[in-house]
Amino acid sequence: MKVLMICTEKLPMPPIRGGAIQTYIAGILPYLKQSHDITVLGISDPELPDEETINGVSYVRVPGKILELYKEGVVRYLESNQFDLIHIFNRPRLVLPVRNVAPEAKITLSMHNDMFNAEKIDPIEANAVLNEVSSIVTVSDYVGNVIQNLYPQAVGKVHTVYSGVDTEQFLPGSHPNMKEIRQDIRQAHGLENKTVILYAGRLSRNKGVDRLIGALPELSQKYKDLALVIVGSKWFSQDAVTDYIAYVRALAKKLSIPVVTTGFVAPSEIQNWFAAADLFVCTSIWPEPLARVHYEAMAAGLPIVTTARGGNAEVIQLRENGLIVENPEDPGQFVEKITEVLSNKAMMKRMGERGRELALSHYKWNRVASEVLTVWEQAKQTVVSVGTAETPMELTASQPKSAETISFITDRVDKPTEKQVKAKNQKAKKKRITTANQKAVDKPATIKNQKVVEKPATVENQKAIEKPATIKNQKAVEKPATVENQKAIEKPATIKNQKVVEKPATVENQKAIEKPATVENQKAMENKKQVAGLTRANLDELIIAHHMLMKARNKKNNKSNGTMNGSANRNNRNRELLNMLLREWGKNA
């Protein structure tokens with residue numbers, strides 16, 4: 001068959017910037033191309049040409065990063081190119097536009113996340129998508145079950161195909177090809193004679209690495225030879241420092257054990273850090289579909305401690321290749337499971353060996369490709385049902401859809417949701433500027449207006465700016481917030497008010513200009529003075545304090561309103577200082 005594989009709009013193919021989906025595609029392509037004529041459609045990248053052929057696979061690239069922009073490029077390409085089967089990765093919202101320009105192609109879908117949730121896709125569109133696709137491949141039972149629970153009609157179309165790993169790239173540290181690499185890394189980072197715990201993944205709150213750091217003070221009391229390596233960044237191929245990353249680093253600096261933070265590591269080098277480690281820990285606190293780092297840890301012969309969130313536990317054979325933390329919000333549970341592994345060296349070694357065996361027997365890319373090929377073969381025989389709940393109709397994928405059919409589905413899908421309508425109305429309201437407002441905008445600048453421009457934003461001004469544009473708001477923006485101004489804002493526009501605006505500068509106005517700094521200005525000046533005297537240690541302390549207060553405020557079992565109001569005030573004060581410090585320290589934060 002002539003097959004088109006449509007990637008997501010976030011990262012390019014081949015996976016020069018990483019990405020789980022991109023790695024998945026790259027892993028199965030060498031096997032798929034042996035049976036079919038494959039074209040990969042992905043996003044453009046400065047380091048890659050718009051079109052090329054690599055090892056018999058055609059690559060076409062169009063502008064991406066934003067789904068709507070990417071969709072336009074996908075549609076344009078399909079308008080002039082035909083395929084027997086189109087396999088779309090993790091973007092169900094591309095299915096209907098693709099069907100519109102490829103009415104005769106079979107369509108299969110790979111799901112790597114919960115993209116059928118209501119906040120990701122309108123249920124009307126989701127139902128239409130499920131009618132159009134022949135099969136849905138998911139990376140875990142968890143992802144498949146979410147889809148089937150939301151849309152029972154998907155039962156029978158969903159197939160779990162677990163991901164894979166390059167077992168020649170990821171090797172145990174004891175392997176002859178990795179021994180020297182392991183030794184060099186450990187020497188370079190002061191990890192010799194240490195039991196190295198490895199975390200690898202994006203650094204974001206839902207990944208939960210701060211919980212692992214929270215477990216280490218207690219663990220380091222029991223095991224004096226521990227070290228921690230954190231591999232990853234905010235996003236694939238990006239090393240920007242977010243407040244969460246700064247928080248993680250600040251926590252890590254307080255530990256008594258060595259901690260190495262690598263930032264982003266290229267996909268071609270990531271295996272070296274797995275080889276240098278002794279235990280892999282996945283800390284996800286969100287419903288992870290099934291993180292591919294589990295396969296990489298198994299291939300590298302590492303025992304695994306993971307969380308019972310999403311599909312992660314599906315590849316764990318309890319006490320055979322790993323252990324499971326039931327409540328990853330609690331650092332104490334990481335202490336318990338990691339202690340169980342470290343206290344039994346024989347079990348630790350056995351789990352690593354079993355993980356490697358499973359990688360070789362169950363999780364190689366040839367097995368993944370074989371299962372995908374089976375799904376494609378089944379799709380060739382599938383009759384696709386097209387329509388909606390209101391207009392049921394059965395059409396095979398080989399039959400061209402009428403313009404009326406496609407138009408009906410598109411109209412239903414493109415109908416804005418209540419939330420979208422509300423947002424649209426709000427936007428229109430803000431743009432509705434009256435003639436009076438326009439006149440006010442067109443007036444020459446006066447001393448009073450100049451004062452508003454020169455004065456820093458206050459709480460009152462900010463509120464006025466955030467409100468939709470009206471006569472009252474316009475006046476509030478043009479005049480500094482004072483008791484007198486407030487009265488003027490509350491009064492309807494009159495001739496008298498108009499005269500006030502037009503009056504030239506007077507002695508009274510001049511006095512207002514020369515007034516000393518407001519309370520807000522005074523606070524800002526105090527902040528600057530504090531910043532000048534703060535050290536890096538103060539910054540670390542402040543980051544931790546800020547995050548602790550944020551956590552306290554969000555807990556459901558807060559004590560009293562009075563206590564929380566006090567915490568909120570301290571939190572706001574800390575946030576002001578934190579923002580100023582982060583600007584000063586930049587990436588060194």
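These exercises, with solutions, concern a predicted model.

**Exercise 1.** State how many helices and strands the chain has, and what share of its residues is buried.

*Solution.* Start with secondary structure: the chain has 25 helices and 14 strands. Then take burial: 47% of the 589 residues are buried. Finish with contacts: of those between residues at least 6 apart in sequence, 68% join residues at least 24 apart.

**Exercise 2.** Describe the largest nonpolar core and find the residues with the most contacts inside it.

*Solution.* The largest core holds 64 residues. Met5, Ile6, Tyr24, Ile86 and Phe116 have the most contacts within it. Helix H13 (residues 365-380) contributes the most, eight residues. Apart from this core lies another, of 36 residues, including Ala227, Val229, Ile270 and Phe280.

Now take Ile86. Leave out residues up to four places away in sequence. Ile86 then touches Leu4, Ile6, Leu78, Val98, Ala102, Ala105, Lys106, Ile107 and Thr108.

**Exercise 3.** Classify the packing of helix H7 (residues 209-222) against helix H11 (residues 331-342).

*Solution.* Two packed helices are described by the angle and the distance between their axes. Here the axes come within 8 Å and cross at roughly 50°. Angles under 35 degrees count as roughly parallel, and 65 to 115 as roughly perpendicular. H7 is therefore oblique to H11. The crossing is right-handed.

Next, list the contact. From H7 come Arg211, Leu212, Gly214, Ala215, Glu218, Leu219 and Lys222. They meet Pro331, Phe334, Val335, Ile338 and Thr339 of H11. Sort these residues by type: seven are nonpolar, two polar and three charged.

Definitions and conventions:
Residues are numbered from 1 along each chain as its sequence is written. This is a predicted model: local features need pLDDT of at least 70, side-chain atom pairs count only at pLDDT 80 or more; totals for chains, interfaces and linings use all residues. Side-chain values use heavy atoms; hydrogens and water are left out. A nonpolar core is a set of buried Ala, Val, Leu, Ile, Met, Phe, Trp, Tyr and Cys residues joined through side-chain atoms within 4.5 Å. Buried means under 20% relative accessible area, exposed over 50%, partly exposed in between (1.4 Å probe, protein chains only). Helices (H or I, at least four residues) and strands (E, at least two) are DSSP runs, numbered from the N terminus. Contact means heavy atoms within 4.5 Å. Axes are lines fitted to C-alpha atoms, for helices over the stretch in contact, and angles run from 0 to 180 degrees between N-to-C directions. Angles under 35 degrees count as roughly parallel, over 145 as roughly antiparallel, 65 to 115 as roughly perpendicular and the rest as oblique. A crossing is left-handed if the near helix is turned anticlockwise from the far one by less than a right angle, and right-handed if clockwise. Ala, Val, Leu, Ile, Met, Phe, Trp, Tyr, Cys and Pro count as nonpolar, Asp, Glu, Lys and Arg as charged, and the others, Gly among them, as polar.
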